[in-house]
Amino acid sequence: MNVNQHTPMASPYGQPQPGYGQPTYAPLDGGYPTPYAPYNGPASAYQSGVPQQGYSPFTSFPSKAVAANPVSDLSSPLDLGPARGPPASGPPPASAPLQYNQYSHSQGDMQNGPPPMTQAPPRPAVSQPYNPGAMNLSQPSYPQHYGPPPTMQQVTNQMTGMQITSGPPTPAGPGYAPPHSSQPPVSTPYSAAPAPSYTQAPLPVSSAPTQPPPPSAPATSQQYYGGPPPPSQQPFNSSLPPTSQQQFTSSVPPPPASQQTLPPSSYSGPVPPPSQAPPPPVSQPQQSFPPPQPPFSSAPPPLSQPAFSSGPPPPAQGSFPPRAPPPSSQPGSFPPPGPPPTSAPSCQYPGPMPPQQQPPPSQPSPYHSGPPPPRAQMPLTSMAQSNHLPPGPQGPPGPPGALQQPPPQPGMQPGYPPQQNGAFGQVRGPQPGYAGPYPGQPNYGAPAPAPAPPAQKRLDPDAIPSPIQVIEDDKAKCTEPFTTGVRGQAPPLVTTNFQVKDQGNASPRFVRCTAYNMPCTADMAKQSQVPLAAVIKPLATLPQDETPPYLVDHGEGGPIRCNRCKAYMCPYMQFIEGGRRFQCGFCSCVTEVPPHYFQHLDHTGKRVDCYDRPELSLGSYEFLATVDYCKNNKIPQPPAFIFLIDVSYNAVKSGMVSIVCQELKTLLDYLPRENPEMDSVVRVGFVTYNKVLHFYNVKSSLAQPQMLVVSDVSDMFVPLLDGFLVNVNESRQVIESLLDQIPEMFADTRETETVFGPVIQAGLEALKAADCAGKLFVFHTSLPIAEAPGKLKNREDKKLIGTDKEKSLFQPQVSFYNTLAKECVAQGCCVDLFLFPNQYVDVATLGVVPVSTGGSIYKYTYFQAQSDQERFLNDLRRDVQKLVGFDAVMRVRTSTGIRATDFFGSFFMSNTTDVELAGLDCDKAITVEFKHDDKLSEETGALIQCAVLYTSCSGQRRLRIHNMAVNCCSQLADLYRNCETDTIINFFSKYAFRGVLNNPTKAVRDTLVNQCAQILACYRKNCASPSSAGQLILPECMKLLPVYLNCVLKSDVLLPGADVSLDDRAYLRQMISCMDVAETHVFFYPRLLPLMKLESGSLPVAVRDSEERLSKGGVYLMETGLHLFLWVGASVQQELLHNIFGTPSFSQIDSSMTSLPVLENPFSQRLREMIDSFRAQRSRYMKLMVVKQEDRAELIFRHFLVEDKSTSGGASYVDFLCHMHKEIRQLLS
Amino acid sequence: MTTYQEFIQQNEDRDGVRFSWNLWPFSRQDATRLVVPVSCLFTPLKERPNLPPVQYEPVMCSRANCKAVLNPLCQVDFRAKIWACNFCFQRNPFPPSYGGISEVNQPAELMPQFSTIEYIVQRGPPAPLIFLYVVDTCLEEEDLQALKESLQMSLSLLPPNALVGLITFGRMVQVHELSCEGISKSYVFRGTKDLSSKQIQEMLGLTKPAAAVGQQGRPLAPQDAAASCRFLQPVHRVDMNLTDLLGELQRDPWPVPQGKRPLRSTGVALSVAVGLLEGTFPNTGARVMLFIGGPPTQGPGMVVGDELKTPIRSWHDIQKDNARHLKKATKYYEALANRSAVNGHSIDIYACALDQTGLLEMKCLSNLTGGHIVMGDSFNTSLFKQTFQRVFNKDYNGDFRMAFGGVMEVKTSRELKVCGTIGPCVSLNSKGSCVSENEMGIGGTSQWKVCSLDPSTTLGIYFEVVNQHNAPVPQGGRGAIQFVTQYQHSNTQRRIRVTTVARNWADAQSQIQHIESSFDQEAAAVLMARLGVFRAESEEGPDVLRWLDRQLIRLCQKFGQFNKDDPTSFKLSESLSLYPQFMFHLRRSPFLQVFNNSPDESSYYRHHFVRQDLTQSLIMVQPILYAYSFHGPPEPVLLDSSSILPDRILLMDTFFQLVIYHGETIAQWRKAGYQDMPEYENFKQLLQAPLDDAQEILQTRFPMPRYIDTEHGGSQARFLLSKVNPSQTHNNLYAWGQETGAPILTDDVSLQVFMDHLKKLAVSNSV
């Protein structure tokens, strides 16, 4: 019923909002400027909300905004629903606006004024203000505006994500409502938060703080929610530290937890529960109401956000108006209440709610519902929300974030909105801020302890921050292109599909930072321990709808550069003196503008041609390099590809040789080229080898290829020049004849020994002789034990694992390859290594050259033609075809104050600044760590310019420039508000994986845990509101840090299982070193999709990587970036089996199949489509493994259920979180 | 006189032996005073159509350190079936197979006319002939093409069962595998790296891993053979393959920058060739045929750097010790040559280039292994093509005129010891009782290895009489020398040729006249020349000349008839009359004079001088000059400037060159075209006569001489003018009158002046 009302409400709001937003804001700004300002900072959140709503100006934010709106809508609806209910909707505009205005104003101002720059400052300001409150501030602020208690509540609500639920509660309180709404969480929480909850909540809250949670919470929860609520709450509690867990668990009343967190806002607590309680139903309804979902997902989220941002009130109005869905969200909020009524509500909600909820249906619903429905439908869902909350609890800050996010998740329905709010660009910012408020969450923590009893031993996994929720929230938020014009704006997560518009900073596809708000001083940085790093993928492939970097030619003089620091012309160069000079943004040096580059300035000091020149208006572009930038001052020759194929017994027998030869015949037509119309200029050469090397003369004038055997492996040389490297088209006949004959020639070989060092030397010498750069493709099978340079011994010794000597196993066995790698780099010789080992081959040593030259290693253990051919060939095809640059040098320049100090990736460095890459392809990322060497200024922010000089595959020398500007902050809270956990994990993993070279793995793990604990402790200490030490409070942006970090710690490299070979570890270690954020993310936290239902156009919402999430009756698809598993439950439905495998029974599934049968049914089609699209996303082809439940192969699969305890002793997520909490507490005490 | 001349001729025809003295002084002291040592030129494989080989093993003296072969000089007790070794006087029973022996039933080896006899022995499996082509690919396209054709042609000349192999080189060295189908396969070696034989064999896959050998021991042989077969295949099996392979041979593909020589890895190529054969066919006859179009420019054995601005060493550089690579390269090739010689493989060098190709450094390859050296301007000349073809000449039996793996052993009776040998051989370091401590040539051994022999291969062998002065001359005693030459015949048989010669002892006090008349001045001249050339290899030119002069003067003092201090009274007997003249021309010859010759040319000339037989050697020392004119039939004329007349056509044969020189008048007539007029048919015939004679020489000589057709005033006339005795020069032109001869523009002394001076010195007390 409510829903219905809401929906209507929504529409009205929507209308009003447009107009409303602006006016309201304006006034608001005037009124609340300062206080809000800070919030505005978080503006992101705001923006998100705003833009979507009506703030066309904020187009940039739209995406988030949109999300926000929905959230807000939801929340607002919820809030409205419960608290103000209809009224809000109706009048809401006005009232809400006001309140919101405050928030919104600040935000709005930020956005409006200086969409880009202005915002930044505001944010800082905001943050500061918040900081005090940050978490707290929010509370205070809230209090001020709304009244202290509410704020707290809200905060907590927000924090918890549950907050949303709580939010709703707040909404209950008129004053709060707005805040809540403003806060991301608001939406769901709020919705969930139904008044009732509040009432209860308060109580819980109070209780929570004190004895907290446990008792009270549970009780409360129970009371409030009765059965259902508690569960959700419990999870939360559980999420908390052990104690907290118990509490949480007990708190089943997670809601209570939320309450607790909210404690301050006793409301929140109550709210959540209520919300949750209701939500469950809601969620259900929502789910049931798929239709609405769509709207929600798209529109709703935004709405909610905006709504929130703008103000809960507006949300109702604005959000609603904009979209019907929002209303739905509102309904959703109601729904919670409604949910219970499921049937009815559902009906009602269907329209609105469904959209959001449905998409997520199961999960989302849980989440969304989570708050509300959690209990009802899915404990899980509830958990989810609760989780968010819990996280909140655990990391109070987290909760906020979590809450917010969770809400977003719930956002699916109501949840989304909240999350979105939180998640939304600024939202995040705000979230942190909220987090502060959430400190309340800590309460959760506290409460959690109490709840402990219920949860007892175990935290409810649903109560802890869920990656899935976060990911889904972010997805939901992101509906508009991400524009890079705003400094310090965190981009959407890597798991989100979004479009990027380059407006002056490099796209996140090229550069991602760990922190978009860098601390101004080294002290701050040290205190926070948050790594300052950027993951740069200079030649990343852009999607079709994004423009590749423009090529700029500055003529004979070469690119214009700063005289002092040699930074290249970029948007940060300030033109002065009428355009005659420019001042470097990096070092402030003033440089004359060369006459041919002179241009007048307009009245704002911008060059008139600013937008005509990519280098003045874009973040990424390329310069055409002059001959001065070429090696030896010579225009480079076109590169060459040399294929070096092992033809020893093993290679021939496994079928590798014939497969490679067969494939090359066609593959050679697809050598990389820049202009698809033209033939590739890349020349090719062929070598086979076992103990000796065979070069082939394939000169076009020959009738038959000629084989030249070089047995002098101790002193490798190239036996011929003319005829070795040839143009494919000219020598096609000879090459084909060669490729036909190679397998025959060696069919009867009995040679088992191989060499390796000389093989690379041979390629290197060939390139030297031809005076060009190039790439070697080495297909190798075994440990090179033949007498030759680089000969290796089998040194695999499992006894060393876990000892101090373990590190030596990661180090190369001989120094020969290091020297060789250096020579390769000097020549621009990139080495790609394809390994087909049947036993130990010492990847750690063999990989030295590929890793140092920017190459890749591919490993196919126990290669068998039949089953591995497809994977290998796809990898090979991609590897050969992908665009690659040669002879590259990368230099990262930064503003005075910070400095790039450390680099991780596949490259070689001969000094401390230049990253030399013999080859650089589109899949290689380099992680750069920055350290302070001076102070940064908040005004100018920090600038990063990454310049890569390389030779394109057409032989052109170019410079690719990526510019990145981030904000600087003097308040820690700002830092925590603008972090990207995925990137941090990327950095940590690379840092740790390099660390194992020189330290015992245990020390490396401890270091990671310590640093992580310090980060979180610092946050807790400096940014979170004071609360019981027993609470775990996580920053919103980092609430997933523990779970991801745990994944890193459990990885095979750092914690090998008994069955993990040394080679595998070395292989993974080297592979990670050049992964970008998206790859590390999925690698450490695999994507697990339930396949019970498939729809075209959208993917099912993932579930968390835990066995508990698997249903016996289901089928799941897991993707790790390297593997693809199709897990089939033991009691899977026949129909599913029939659709997927075409077999009627579980036992008839052939678990050795590597591709699914092609069946003419939509399900099968869609599934195969999905698999194909997954494969297309990754740089390596993933072989499909069908895993039947309780099959032996399931062990492998389980290894990737990273939230569970691993067989090698890795902690489960829950356990680790407790551990982390303990660490933090130790640090704090 | 005639008796001695006939005796000498008969001996040469029957045994291929020419001694400097045909009566030997009985004491060491006397022998020393004769100046010219007791020595001989021995042609081991002299063609003897009338000498049917016998199909059994030789009977040898049973004394371990003697092992002389039964010969006609042995005393035989037919009744007791015992023979006495004429070297050690050991009494040996005949083997059972000689049971039927009697005065009327004697085995061939006891018959006097079989002082040279050849045994065919059945030892081991028949060894195939092996030809390994080592081909430089840094040639001009035209040259390479011609060379390829020659090589392809040569395949048809080889016996079908002969094994062939191919190594090509330029910057890299490629060993071609001949057995493969489809893809042609070759093993490549870097041209700059000196590899040991073991490494090479390993890299070619010719050796099994040490472990395998250790475990399995011998049974690997078949595999070895199979392995080697990849590189050395019977002609009949790879004929087509190899022809194609040669046809596809590309010029060395590495770019040669301007101002540089192509990088030519001759040293490594040879090392690989030697290593390959060493590993596959040790002690089997094999011929490595090296074709080069320029000097080695990199790696071991480098003769000159690749910078064109640094020219290849000249005699001037060498004398100034300015030849950077000379010693190192020489040492390198010597080591290779020795390895090759030990295994019985010979190395031919076919060097065709306008500039030097490093023969100076590489000559030992051929000199020590009995290989040929052929020098030409281009592979695209008939000189090379025909010479190369002539390598595969066949004898009256249809067998190649080449033999491999020769081991020559010298046995002497007690009064004699062998001092050494000069010729294309290496010492086998076989010490024995008949080895003198006084070394001349390659000494210190009684066995020499001659890896490749042909019917004209001639060794100079030097002896020492060791009898004490006071020992009695045995009545009718004779000194005996036995040459035992084992070799692999080109039809793969193993053969042993035994030549036993004996000369009477004479008392130098009482029989000096006899000794003098037994002097073979031609043989002596060549033998002394060989000594001179041998010394010239290691000593400064002037020292060698001084030594030669001193020897000549001492000889003249010893045998000349003169009144003290009266040059005009000086007379030499007929048996010595030509000797001073030979010495005069020898002094002017390119064997001892390096002026106007590059180091390569000198090496080339010397190479041939120390291996050709007496006749050819004499031609080299003193070229033959024939005159054709209307005044009479063609006649040999003095090698003197006075022989150059306007109305004569001269044909000069210096062995290396054939010069046809048209006198001034003849040249004018020819230019006027009289020969084309029917009424001057006789002129045409006159013009044709020397051509026909030249053709005859061209047909038979190996290596084919450079053929020069020139005329008075022609630039090529210098070949003639540099050879003739400059009796008329610009200095004495007017003194001699203008009616005859042509003046030579030289400051060299003429024969007349030389003789005058010699007489003066001979009659004086000094020296």
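How many residues of domain 1 of chain B are in contact with domain 2 of chain B, and how many residues of domain 2 are in contact in return? In this predicted model, 12 residues of domain 1 of chain B touch 20 residues of domain 2 of chain B. The area buried between these two domains is about 1100 Å², with carbon and sulfur atoms giving 57%. On the side of domain 1 of chain B, the residues that lose the most area to domain 2 of chain B are Met402(B), Phe404(B) and Cys451(B), which together supply 39% of what that side buries. The C-alpha centres of the two domains lie 38 Å apart.

The domain assignment of chain B places domain 1 at 4–122 + 402–519, domain 2 at 130–206 + 223–391 and domain 3 at 623–724.

Chain A has 1229 residues, of which 70% are buried. Its secondary structure consists of 61 helices and 27 strands. Among the contacts in chain A with a separation of 6 or more, 77% are between residues 24 or more positions apart. The domain assignment of chain A gives domain 1 (467–557 + 620–630 + 887–967), domain 2 (639–882), domain 3 (980–1085 + 1208–1228) and domain 4 (1086–1201). An unreviewed UniProt entry places "domain: Sec23/Sec24 beta-sandwich" at residues 885–968 of chain A. Over residues 885–968 of chain A the model has 0% helix and 64% strand, and the end C-alpha atoms lie 34 Å apart.

Domain 2 and domain 3 of chain A were also examined as a pair. Their centres, taken over C-alpha atoms, are separated by 36 Å. In this pair, 23 residues of domain 2 of chain A are in contact with 20 residues of domain 3 of chain A. The two domains bury about 1700 Å² between them, and 56% of this is on carbon and sulfur atoms. Within domain 2 of chain A, the most area is lost to domain 3 of chain A by Lys807(A), Phe810(A) and Lys859(A), together 37% of what that side buries.

Because Phe643(A) belongs to strand E11 (residues 640–646) of chain A and Phe686(A) to strand E12 (residues 683–689) of chain A, the pair ties together parts 43 residues apart in sequence. Both Phe643(A) and Phe686(A) are buried. In chain B, ring pairs join Phe131(B), Tyr133(B), Phe291(B), Tyr350(B), Phe379(B), Phe384(B), Phe388(B), Phe392(B) and Phe400(B) into a cluster.

Arg1087(A) lies over the face of Phe1174(A), 4.1 Å from the ring centre. The charged end of Arg509(A) sits over the ring of Phe498(A), at 5.0 Å from its centre.

Note on methods:
Residues are numbered from 1 along each chain as its sequence is written. Chains are lettered from A and ligands numbered from 1 in the order in which they are written. This is a predicted model: local features need pLDDT of at least 70, side-chain atom pairs count only at pLDDT 80 or more; totals for chains, interfaces and linings use all residues. Side-chain values use heavy atoms; hydrogens and water are left out. Helices (H or I, at least four residues) and strands (E, at least two) are DSSP runs, numbered from the N terminus. Buried means under 20% relative accessible area, exposed over 50%, partly exposed in between (1.4 Å probe, protein chains only). Rings of Phe, Tyr and Trp (its six-membered ring) pair if their centres lie within 6.5 Å; planes under 30 degrees apart count as stacked, over 60 as edge-to-face and the rest as tilted. A charge sits over a ring if NZ of Lys or CZ of Arg is within 6 Å of the ring centre and within 35 degrees of the ring normal. Domain bounds come from an automatic or database domain assignment. Contact means heavy atoms within 4.5 Å. Buried area is the accessible area (1.4 Å probe) that two parts lose on being put together, summed over both. UniProt positions are given in the numbering used here, feature names are shortened, and annotations may be inferred rather than shown by experiment.
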